[in-house]
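Here is a short report on a two-chain model. Please look over the sequence and the structure first.

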Amino acid sequence: MTTSSLKADENCSDGDDNNLHLIIEFTGGAELLFDKKKIHHVKLPLFISDNNKTDNNTNNKKQWTIRTLLVWIRNNLLKERPELFIQGDSVRPGILVLINDVDWELLGDLNYELKQNDNVLFVSTLHGG
Amino acid sequence: MAFIKCIRDHSLNDEDVSRYSRQLILSEFGVESQDRLKQSSALIVGCGGLGSPCALYLTACGLGRLGLLDHDSIDITNLHRQIIHNEQTLNQPKVESAALNCRKLNSTIKIDVYNELLTSENAMKIFNDYDVIVDCTDNVLTRYLINDCSILLNKPLISASAIRFEGQLTVFNYKNGPCFRCLYPVPPPELATSNCSDVGVLGPVCGTLGSLQALETIKVLTNIGDVLSNRMLLFDGLAMTFRVIKLRQKQSTCAVCSENPIIQSLQNYDLFCQRTVSNDNPVEQKILNSDERLRADEYIKWLSDDEKVKQHCLIDVRPTHELAIGRLPNTINLPIDTIIGGGDSSMIVKTLTDLIEKHQLKNIVVICRRGNDSQIAVRKFYELLKDYNEKNSLTIGIKDIIGGFYAWHKYVDHTFPIY
């Protein structure tokens, strides 16, 4: 009995080729740093410029990666205590990153290039029992 | 009439066959699996919310030998989720209570009890006697210890955790799958980990995960089905979703389970995790100096001075929903999350300065549940009011109440509800 990951609704990107549609999810307590909101439907410009400014200028094309997405999340979604989510240019120890329910370690971690309708899940590890 | 002897392809007796009939008629399981279970052993580390259902199911299913380890005794706050214990066994060692109830359920199972804290000194000797280890503990430090010990002795490890409405489950060190350290080579910062006594948990969430641990233990011991190795189950009881994610392979760089491990014996886990708390009990922090703090009874004396009463306000920094449990009159609620949240602090400054101006305040007193958050709030208030104080040449005294409402209950008002 498995609920597969939510895919970015095909309809939301219907005909919209100018944006990258992602679903970003936080669970295991990570959502507490994001206004307790677990699921975020996100629309990004297709490409990103070097200094992480969103940019649709095709001369300066750069694919979004998890590395650049983390900076965007920090600046746009994160509500409090960034040190409990980010450490250096990666996530802090104890957070797993899944792309379409697959461990990012199998996909190139920070360098994974995001695709249209990707689901990116951040799981904070639980220790209680 | 000739006697024809029955042929049995197993070592079970007639009582076993009858008792376990409903599971051994499962084609995937069969009498062979039952026979294997009878020859097998498992050690449950932690007889709490996860360990309770897990121990009961493993006892009920006809496992040969069950080990139960826990150093704690039963507190009333355990009973909503730790359902192997009951009111009659309150304050008794958890392992004794658990063993008592397991024996009532199935007297044919051999049950070993270890009423001790798991340490680097005793773990190898205890683990060595069991086929499978089940991690039902509640803290990150013990989880590293259990993982390393399971790897060093090459035992599969059934690991689960539960908090709030969520649970996670996976099987480590099974048929060349990853271990806990493959996933988490570096321990999380202490502030990022929470326990049931701080953030809460709903009983059936633990029950769900503990029951699934028993199921995976049975599968590992009898070699049936697809074991949850290389995968992790994420359970969200509030949304009611079960989600299985695909995990990384065993890591060639892993400190303990790789071909050339750095760790070849158990470590100092306090040092590695940079913390000493290894159970559900909260730590008492020391952030403020003693002259920045008031004992609960001191505050009462302080209140008898009319001038001070008029010129102070009490700020309760607990989460707003907890105030409904019990609160003091004439307090202001400013939840700690709002105070230290990364957002705009100008709202907090405005609330404080409005209060100061409206009531001509000279003192602010902060209270919370246990006396930790109140210290953090006092520090933050000093910082936020620094400019205001300088600009208006004011010195607002800010103190907290040592031990919070726990101390209030103990020293001032026994009827104040404690949770």
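## A loop residue and its contacts

L288(B) touches R293(B), Q375(B), V378(B) and D400(B), leaving aside residues up to four places away in sequence. The model is a predicted one. L288(B) sits in the loop between helix 11 (269-273) and strand 9 (293-294) of chain B.

## Chain B overall

Chain B has 419 residues, and 42% of them count as buried. Its secondary structure comes to 17 helices and 13 strands. The C-alpha trace of chain B spans about 110 × 50 × 40 Å along its principal axes.

Take the contacts in chain B between residues at least 6 apart in sequence. Of these, 70% join residues at least 24 apart.

In soluble globular proteins, nonpolar side chains tend to be buried together. The largest nonpolar core here has 102 residues. Those with the most contacts inside this core are I44(B), A55(B), L68(B) and V134(B). Which element gives the most to this core? Helix 10 (residues 203-222) of chain B does, with eight residues. A second, separate core has 26 residues. It includes L334(B), V365(B), V378(B) and F381(B). V378(B) is also one of the residues that L288(B) touches.

What does I44(B) touch, not counting residues up to four places away in sequence? The list includes G51(B), C54(B) and A55(B). It also has L66(B), G67(B), L68(B) and L69(B). V134(B) and C136(B) complete it.

## Helix 10 and its partners

Two packed helices are described by the angle between their axes and the distance between the axes. Start with helix 3 (residues 30-39) of chain B. Its axis and that of helix 10 of chain B come within 9 Å and cross at roughly 100°. Helix 3 of chain B is therefore roughly perpendicular to helix 10 of chain B. S33(B), R36(B) and L37(B) in helix 3 of chain B meet I218(B), L221(B) and T222(B) in helix 10 of chain B. The residues of this contact divide into three nonpolar, two polar and one charged.

Helix 4 (residues 51-60) of chain B also packs with helix 10 of chain B, at an angle of about 35° and with the axes 7 Å apart. The crossing is right-handed. From helix 4 of chain B come G51(B), S52(B), P53(B), C54(B), Y57(B) and L58(B). They meet G207(B), G210(B), S211(B), Q213(B), A214(B) and T217(B) in helix 10 of chain B. The residues of this contact divide into five nonpolar, seven polar and no charged. G51(B) and C54(B), in this contact, are also touched by I44(B).

## Where the chains meet

The contact takes 43 residues from chain B and 28 residues from chain A. Five elements of chain B give two or more residues to the side that touches chain A: helix 7 (140-152), strand 5 (157-163), strand 6 (166-172), strand 7 (231-236) and strand 8. Strand 8 of chain B gives the most, with six residues. The residues on this side of chain B divide into 21 nonpolar, 15 polar and seven charged.

F242(B) lies in strand 8 (residues 241-246) of chain B. It is partly exposed, with 16 other C-beta atoms within 10 Å. The C-alpha atoms of F242(B) and Q168(B) are separated by 9.7 Å. These two residues are 74 residues apart along the chain.

## Positive phi in two loops

Most residues other than glycine have a negative phi, and most peptide bonds are trans. R164(B) has a positive phi, near 50°. It is found in the loop between strand 5 and strand 6 of chain B. R164(B) counts as buried, with 20 C-beta neighbours inside 10 Å.

K36(A) has a positive phi too, near 60°. It is found in the loop between strand 1 (19-27) and strand 2 (39-45) of chain A. Is K36(A) buried or exposed? K36(A) counts as exposed, with 10 C-beta neighbours inside 10 Å.

Terms used. Residues are numbered from 1 along each chain as its sequence is written. Chains are lettered from A and ligands numbered from 1 in the order in which they are written. This is a predicted model: local features need pLDDT of at least 70, side-chain atom pairs count only at pLDDT 80 or more; totals for chains, interfaces and linings use all residues. A nonpolar core is a set of buried Ala, Val, Leu, Ile, Met, Phe, Trp, Tyr and Cys residues joined through C-beta atoms within 7 Å. A residue is buried if 20 or more other C-beta atoms lie within 10 Å of its own, exposed if 12 or fewer, and partly exposed in between; C-beta atoms are placed from the backbone. Helices (H or I, at least four residues) and strands (E, at least two) are DSSP runs, numbered from the N terminus. Two residues are in contact if their C-beta atoms, placed from the backbone, lie within 7 Å. Axes are lines fitted to C-alpha atoms, for helices over the stretch in contact, and angles run from 0 to 180 degrees between N-to-C directions. Angles under 35 degrees count as roughly parallel, over 145 as roughly antiparallel, 65 to 115 as roughly perpendicular and the rest as oblique. Ala, Val, Leu, Ile, Met, Phe, Trp, Tyr, Cys and Pro count as nonpolar, Asp, Glu, Lys and Arg as charged, and the others, Gly among them, as polar. A crossing is left-handed if the near helix is turned anticlockwise from the far one by less than a right angle, and right-handed if clockwise.
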